[in-house]
Amino acid sequence: MPGISRRTFGMLMGAGATTLAMPYYARAQGKPRAVVIGGGAGGATAARYMAKDAGEDLDVTLIEANPKYTTCFFSNLYLGGYRDFDSITHGYDTLASNYGISVVNGMADSVDRDAKEVVMADGSKVPYDRLIVAPGIDLIYDSVPGYSEEAAEIMPHSWKAGPQTQLLKAKLDAIENGQQIVMVAPPNPYRCPPGPYERVSMMAHVLKEKGFTDAKIIIIDPKPKFSKQGLFTEGWEKHYPGMIEWYGPDVHGGIKSVNPATGEVETDFDTFKGELVNVIPAQKAGMIAARTGLANESGFCPIDPKSMRSSADENIFVIGDASIAGDMPKSGFSANSQAKVAAMAVRGDLTGSKVFPAKYSNTCWSLIETNDGVKVGAQYAPTDEKIASTSSFISQTGEDEALRQATYEESVGWYKGITADIFGA
Amino acid sequence: MTPTGRRRSKWIAQSGLFAGRLNVRTMVLASCLTLSAPALAQEGDPAKGEKVFQACKSCHQVGAEARNGVGPHLDGLFERKAGAIEGFKYSSAMKKLGEDGLVWNDFTLDQYLEKPRDYVPGTRMSFRGMKDKQDRTDVIAYLKALSQEAPAADPTASGTARPEIGGAAMHLEGDPEYGEYLSSECVTCHQISGRADGIPSIIGWPREPFIRALFEYKTNVRSHQVMQNMTVNLGNEEIAALAAYFGSLDPQ
């Protein structure tokens, strides 16, 4: 179904209200069923909160293709050698054993919105009363001419954590002094706005530790500016002088193509060659969102800012990177925050529990060099148009070392906290 | 891999005790030996220790009429087993180590204060540690002098907090159910288990210091960007609700 007008949606809502005149939980046969597609920072949090808060009143199912989840957040710290791979990988056992969530290890292929069923790749069906869609992002490989899923084996994107992250690390660890790394940064909107620049910092850290200060990292950026730019630029000059160069569109004039065979990135201005080329292409909502008719022409999914309910279907919620969340960045923290709002709304729909006004928050920590951490964050509230920022903060340039170290240590504590909040502990 | 187990055997060796196997006389003897160990030959200066203790005071009271706050009072601390004050909400890690035989003395306190989270993994104490050996020796000397005083008759009763510091929230009865809803924003960072791993534990705090802390962030008396941002939009009812909810929880 290609989009629904506001008016049609209102009519749908009206129809829904009639059938809902009797509370759902009073007329349903058996327990109401909440199903979540996607076991990342958004989906797993939503499943856990619904199961935790509704207890026996709700049947919660979590559908996830992978048996384990590697967090994108902190994967740069793995790249930098601060964490091992196991420490950023999490399983679903606790969600199943401690919260009674049915974890379905399989790929959701499509959603039959009329029948209210998720159709799995193996043909089996998972019926729902309310569905939370949290598929994260899909990469638009051909947004960079010459790039493809196959090319990613040579020029890794590593923008979905897992084997790609390990591939990038192996390639980084093989770089020698005097060699060059080229990063093609993504256009807005994309997952984790400061992520590419933290990644470059971690690459430089690894090279500097080996004494490879003649190695170079070139960033070819389609954006004229980027997240925490002042903080990163200051940190790069301080810790990695001469090692990192950032070129915005006014310098390179546009990215024309990448060539995996030669390791070249061609721009209007010049051709850059790297022994390691990290291409982070444009992004859109995970495939199932578009396939289900939840995404609009932007590739992402419009939602009601008050509840994360899909603008296209009152029985479906979209959270995390796949959603159009107004002023909120696409981050694990945002997804976790949105999940709690959606979980509360689903419980309200299905069990009649109290629904409080939505509140959202986000903080993104980045590590520039050992014990040099910075952060940016905000609080958000729904308006009629969007999820709008109500207050915000950012680390300042020139902060003293003790504060930067405390910020880093705080981020380590946050990782422990949020992963316990997502996967249970 | 059980780092906890390794650390535990380390402190049992250090404190000269092995839980349940030694009689009282041996325990006294063992702690005397520990006290005379060469590492502790340097003298602590209680006056300097009082200054060091400023860093501890927002959570711990010691001396006459001391009460529990965010942390337990420290009267009678020496030769007392860890996690033993009735009515205080310790982490299960601290209680377990106390039951297993950890007793506070010069040596164990010195080790704990140096790196609390390494010495008692899972502790609720949100303190990164005191690097300077002399600072630790001084503060232990100060504690030794003051901790001989008697605590308040009921150290768990709420005490002397001045209501005006917490604003109107201090006068409100918080709704724990509302607090539970609001808490979902907090537990992204502050672990619900009560563990402090780089972000302070906020589980089981008494009401007054909890409200005061949030109010101080809100009014920029305390400076922390995330907490100032989190509290700027919190009303009195919300602060009171959060205090009621987190105060009702027990650390795991």
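Q: Which residues of α11(B) meet α8(B)?
A: This is a predicted model, in which local features need pLDDT of at least 70 and side-chain atom pairs pLDDT 80 or more, while totals for chains, interfaces and linings use all residues. Residues are numbered from 1 along each chain as written, with chains lettered from A and ligands numbered from 1 in written order. Contact requires C-beta atoms, placed from the backbone, within 7 Å, and helices (H or I, at least four residues) and strands (E, at least two) are DSSP runs numbered from the N terminus. B:Pro176, B:Tyr178, B:Gly179, B:Glu180, B:Leu182 and B:Ser183 on the α8(B) side meet B:Glu238, B:Ala241, B:Leu242, B:Ala244, B:Tyr245, B:Phe246 and B:Ser248.

Q: How is α8(B) oriented to α11(B)?
A: Axes are lines fitted to C-alpha atoms, for helices over the stretch in contact, with angles from 0 to 180 degrees between N-to-C directions. The axes of α8 (176-183) and α11 (236-248) of chain B come within 7 Å and cross at roughly 90°. An angle of 65 to 115 degrees counts as roughly perpendicular, so α8(B) against α11(B) is roughly perpendicular.

Q: Which residue stands opposite A:Met183 in β12(A)?
A: Five bridges join β11 (180-184) to β12 (216-220) in chain A, and the two run parallel. Across from A:Met183 is A:Ile219.

Terms used
Pairing = 2+ DSSP bridges. Parallel < 35°, antiparallel > 145°, perpendicular 65-115°, else oblique. Contact = placed C-beta atoms within 7 Å.
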